[in-house]
Amino acid sequence: MKRVFASAHVKRLFSALAALAILELMTGPPGSALAPTAGFTGSFGEPASFLGLFRTQRWVLFLFLALVMYGLWSAWLVWGQQVRTATAKAVSAPRAATRTRPVRWGMAVVVLAVALLLPHLITDPFWQAAMVEQIAVYVLLALGLNVVVGFAGLLDLGFVAFYAIGAYTTAWVTGALPTAAPFGIHFNNFYAIPIAIALAMGSGIILGAPTLRLRGDYLAIVTLGFGEIITIFANNLYGITGGSQGTNTIPHFSLHVGPIKYLWGLTPVPYYYLTIVFVILFIAGFKLLEHSRVGRAWTAIREDEVAAESVGINPLKYKVMAFAIGASTAGFAGVVTASQSNTIFPSSFTLQFSINILVLVIFGGMGSITGVVLGAIVIQTGSMYLLHTPPAGYQPQDLYIYLGALLVVMMIFRPAGLVPSRRRHREIGLAEKGEGHMNEVLTGDTP
Amino acid sequence: MSDKIFDVDHVTLRFGGVVSLNDVTLHQERGEILAVIGPNGAGKTSLFNSLTGVYQPQEGTITFQGSDAKAMSVIGKKPHRVSSAGVARTFQASRMFSALTAFENIKIGAESHRGIGVLGAMLRGPKTRRDERTSDERTVELLDFVGLRAKANVISSSLSYGDRRRLEIARGLATGPQVLLLDEPAAGTNPSEKLELTTLIRKVRDQMGVSILLIEHDMKLVMSLAERLYVLNFGSVIAQGTPEEIRANDKVIEAYLGSTATETGDRS
């Protein structure tokens with residue numbers, strides 16, 4: 001009887017109460033001078049429903065949830081070990097199976113089939129549009145940033161710049177900008193793809209060659225600045241970019257080869273298939289890249305730059321390469337978005353956007369292609385769900401509170417991400433034990 | 001004409017006011033096992049870092065002469081350039097790619113890092129596949145050579161100290177060097193591992209024809225292995241010669257044991 005009131009239990013109970021109180025404050029209505037405790041008590045105009053059973057004040061709900069959490073926590077301490085061994089056993093067999101090639105290919109085919117059938121299963125127009133604009137495009141962007149952050153271990157906070165370059169290039173090539181299209185010809189959007197990729201890659205190299213000599217934090221600051229510069233350019237160069245109004249006359253993709261004629265239009269499904277094709281191409285390309293000598297050189301630089309140099313790897317060259325590949329992927333995503341939405345304006349290319357993509361990569365698992373794809377799908381679907389069917393009291397700007405909390409929790413319990421890359425997982429494990437050389441992204445400078 | 005693989009001429013390296021190498025002149029013959037010894041802080045590792053392009057000495061010249069009879073000045077070159085010219089090295093605190101397997105560690109060394117290779121990797125053309133096969137074969141050869149074949153798929157951070165040292169040597173050899181610089185290879189190894197290491201180092205020279213430049217504190221290992229030695233103290237060369245000559249040199253004994261010591265003896 002006495003043990004129940006032991007300090008560990010009390011501590012746990014208070015931790016649960018505190019955590020839920022913070023959550024309640026986070027999600028609650030803003031307080032005011034007249035009602036400073038509104039965050040806890042809930043305003044009288046908006047009483048929360050107690051699990052849908054009856055209407056009550058918010059703090060009652062949260063007190064109940066805190067008690068449930070305390071109960072679960074205590075139960076975990078008692079039976080956790082058993083549960084963990086049982087799960088490990090249950091998981092290990094399928095995990096071992098996925099290492100074999102036929103199983104992996106089989107899974108890829110199933111995933112592909114689901115991806116292709118998805119627009120027929122989900123017919124809600126909101127979700128069909130979201131699948132292209134908010135999920136497939138973000139998967140592309142996450143794949144690109146993964147090359148920079150995950151493979152090469154460089155922190156890029158200005159990823160949006162290359163996306164903007166891709167989008168504006170599309171507008172330029174198709175003649176939608178105030179400035180004249182190249183050679184006065186309004187090209188088809190498909191021609192914008194190589195040009196956008198080349199321009200984004202070129203600007204990646206121009207930015208990367210001098211700045212990738214910097215380490216860790218400095219690189220992050222420089223890329224952050226670059227992202228801002230591009231946005232400000234887009235905003236202020238009225239005669240070239242159309243200023244803050246941007247443009248809304250970008251044509252759709254169209255195909256006209258011999259007898260085949262096809263025009264992508266306002267409906268999202270054809271765009272979905274187009275994007276899926278490119279996503280598959282990028283995934284295949286990056287998978288091969290990861291297991292090539294280039295991928296190994298990146299790993300070597302990430303783990304120990306000095307040792308990598310001693311075996312003849314030029315770190316600067318490989319970092320610039322990673323940067324350029326990431327940039328061109330973003331440029332490509334820019335083409336898809338610009339063509340699909342017909343509109344671009346500078347205010348959509350913000351720092352928040354860069355950070356959003358970084359969150360997808362970190363959440364999914366830096367360096368793991370499966371991870372970042374899954375991470376992008378999970379987070380983007382989640383935020384779209386909150387936008388589509390917001391729970392009581394939810395406001396769009398609350399999204400980042402939840403994302404932030406999610407990341408904090410992830411970093412504590414699963415620091416290598418949702419589906420960690422095997423190498424990265426080991427690196428983080430080694431770094432925690434104080435062995436090996438921890439990554440620059442995580443520690444800043446490692447001389 | 002002697003065939004010098006390394007010719008270090010009046011090299012001075014300073015860090016602000018601290019003189020790390022003071023007017024160092026030394027050379028290494030091709031095919032020689034040369035050792036550099038000296039008390040802690042004598043500048044041995046600074047010398048290694050200058051030879052591999054990590055540090056840039058302010059004065060003097062360092063000339064590396066590869067087998068193709070083209071002399072190269074090391075000073076001003078980046079480490080990766082020096083490495084591709086044919087200088088391999090290991091590190092004092094072994095620096096493996098710890099999260100990779102032994103096989104992958106060596107393979108990274110065996111691969112060419114010239115060109116871009118991105119498109120080749122994405123398309124996996126015949127040349128890429130051929131290169132891949134060549135570096136795989138070379139890796140297996142080297143794993144056999146250093147006796148780590150059975151541990152090819154072990155993550156390098158879980159290897160023993162002795163194995164890590166051998167792996168690092170194999171990784172250096174994978175780059176196809178003319179000379180291998182070993183920075184305290186025997187540190188942290190037990191006596192039987194030391195013996196194996198001595199055999200391995202000699203085998204590298206005899207079978208692969210790679211010259212060896214060695215820094216080591218273990219006098220027994222140095223004296224049995226080296227054909228010639230340089231002694232550094234406070235950044236200057238204070239003695240050179242065969243192991244016998246060094247053993248009898250008063251200046252060396254003074255540097256190691258202090259000037260008041262009159263008893264002679266090795267620190268072995």
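Biologist: Which residues does Gly162(B) touch, leaving out those up to four places away in sequence?
Modeller: This is a predicted model, and in it Gly162(B) touches Thr189(B), Glu193(B) and Glu196(B), with residues up to four places away in sequence left out.
Biologist: And where is Gly162(B) found?
Modeller: Gly162(B) sits in helix H6 of chain B, which covers residues 161-174.
Biologist: OK, new topic, the core. Which residues touch the most other members of the largest nonpolar core?
Modeller: Ala142(A), Ala322(A) and Leu214(B), out of 165 residues in that core. Helix H5 of chain A, residues 125-151, gives the most to this core, with 17 residues.
Biologist: What does Leu214(B) touch, again not counting residues up to four places away?
Modeller: Its contacts include Ile33(B), Leu34(B) and Ala35(B), plus Leu182(B). Val222(B), Leu225(B) and Ala226(B) are on the list too.
Biologist: Back to chain A: how many helices and strands?
Modeller: Chain A has 18 helices and four strands. Of its 447 residues, 39% count as buried.
Biologist: What share of the chain A contacts with a separation of 6 or more joins residues 24 or more positions apart?
Modeller: That share is 72%.

Notes. Residues are numbered from 1 along each chain as its sequence is written. Chains are lettered from A and ligands numbered from 1 in the order in which they are written. This is a predicted model: local features need pLDDT of at least 70, side-chain atom pairs count only at pLDDT 80 or more; totals for chains, interfaces and linings use all residues. Helices (H or I, at least four residues) and strands (E, at least two) are DSSP runs, numbered from the N terminus. A residue is buried if 20 or more other C-beta atoms lie within 10 Å of its own, exposed if 12 or fewer, and partly exposed in between; C-beta atoms are placed from the backbone. Two residues are in contact if their C-beta atoms, placed from the backbone, lie within 7 Å. A nonpolar core is a set of buried Ala, Val, Leu, Ile, Met, Phe, Trp, Tyr and Cys residues joined through C-beta atoms within 7 Å.
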